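My entries follow in the order in which I made them.

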Amino acid sequence: MAKKTKKNSSGSTGTPATTALTAAGTAFTVRSYDHDPAASSYGEEAAQALGVDPGRVFKTLIASVDDRLTVAIVPVSASLDLKALAAAVGGKRATMADPAAAERTTGYVRGGISPLGQRKRLPTALDASADGHETVCVSAGRRGLEVELSPKDLASLTDAVVAPIARFDTP
């Protein structure tokens, strides 16, 4: 069940992501919900709990492009196209990163990795479908907590390349 939202408040929901957003003076809304530890997909759980179209909720994935960790931000309703990601960031080959390395490098736990406020700034690619929305939701840095912001702000704050890196499977 979705809980109350807060605008530009670091309050008790402060995470490195919300702190970075506040410091940048970026407009955002914090949206929280009760995370179910048994959920099979963190992103789909967030979309359902918040009542938001899964095409507007984006998951943060960490990949290795030519042995360099890279952030990929794609809708939860899609999967990451590793070949497209590699091309978008000027690489040749991409694979999913080791989860422990992703957690160690970003400072976040799996299912709560935010593209914002990471320990180390990584090359980032945002799926071009984000531009079709006024706002998108991404993890705020822990399970059960999302931030809603404009895709332009998300791209700017993460220095993201905006490119078609998602694969939308059709039934």
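Entry 1, helix α2. I looked up which residues of α2 are buried (under 20% relative accessible area, with exposed over 50% and partly exposed in between, for a 1.4 Å probe and protein chains only), and I found Gly43, Glu45, Ala46, Ala47 and Leu50. Helices here are DSSP runs of H or I with at least four residues, strands are runs of E with at least two, and both are numbered from the N terminus. Just after α2, I noted that Gly51 takes a positive phi of about 70°.

Before going on I wrote down the basis of these values: the model is predicted, local features need pLDDT of at least 70, side-chain atom pairs count only at pLDDT 80 or more, and totals for chains, interfaces and linings use all residues. Residues are numbered from 1 along each chain as its sequence is written, and side-chain values use heavy atoms, with hydrogens and water left out.

In the loop between β2 (29-33) and α2 I found Ser40, which is exposed at a relative accessible area of 80%. I also looked up its separation from Ala130, and the two are 90 residues apart in sequence and 24 Å apart in space, C-alpha to C-alpha.

The loop between β3 and β4 (68-75) holds Asp66, and Asp67 has its place in the loop between β3 and β4 too. Asp66 has a positive phi, near 50°, in a residue other than glycine, and Asp67, not a glycine either, has a positive phi of about 65°. Asp66 is partly exposed, with a relative accessible area of 42%, whereas Asp67 is exposed at 78%.

A pocket is an open set of points on a 1 Å grid over the protein atoms alone, where a 1.4 Å probe fits, with protein on both sides within 12 Å along at least five of seven lines; lining residues have an atom within 4 Å of a point. The volume is the space filled by probe spheres set on the points, which are joined across faces, edges and corners, and for the largest pocket I read about 540 Å³. Of its 25 lining residues, Tyr42, Thr60, Leu61, Arg110 and Gly111 are the closest to the centre. At least two lining residues come from each of α2 (42-50), β3 (58-65) and α4 (99-106), and β3 gives the most, with five.

Entry 5, the fold. I counted five helices and eleven strands in the protein. The radius of gyration (taken over C-alpha atoms) is 15 Å, close to the 16 Å that the globule rule (2.2 Å times the number of residues to the power 0.38) gives for 171 residues, so the protein is as compact as a globular protein of that length. Of the 171 residues, 47% count as buried. I also noted that the C-alpha trace spans about 45 × 40 × 30 Å along its principal axes.
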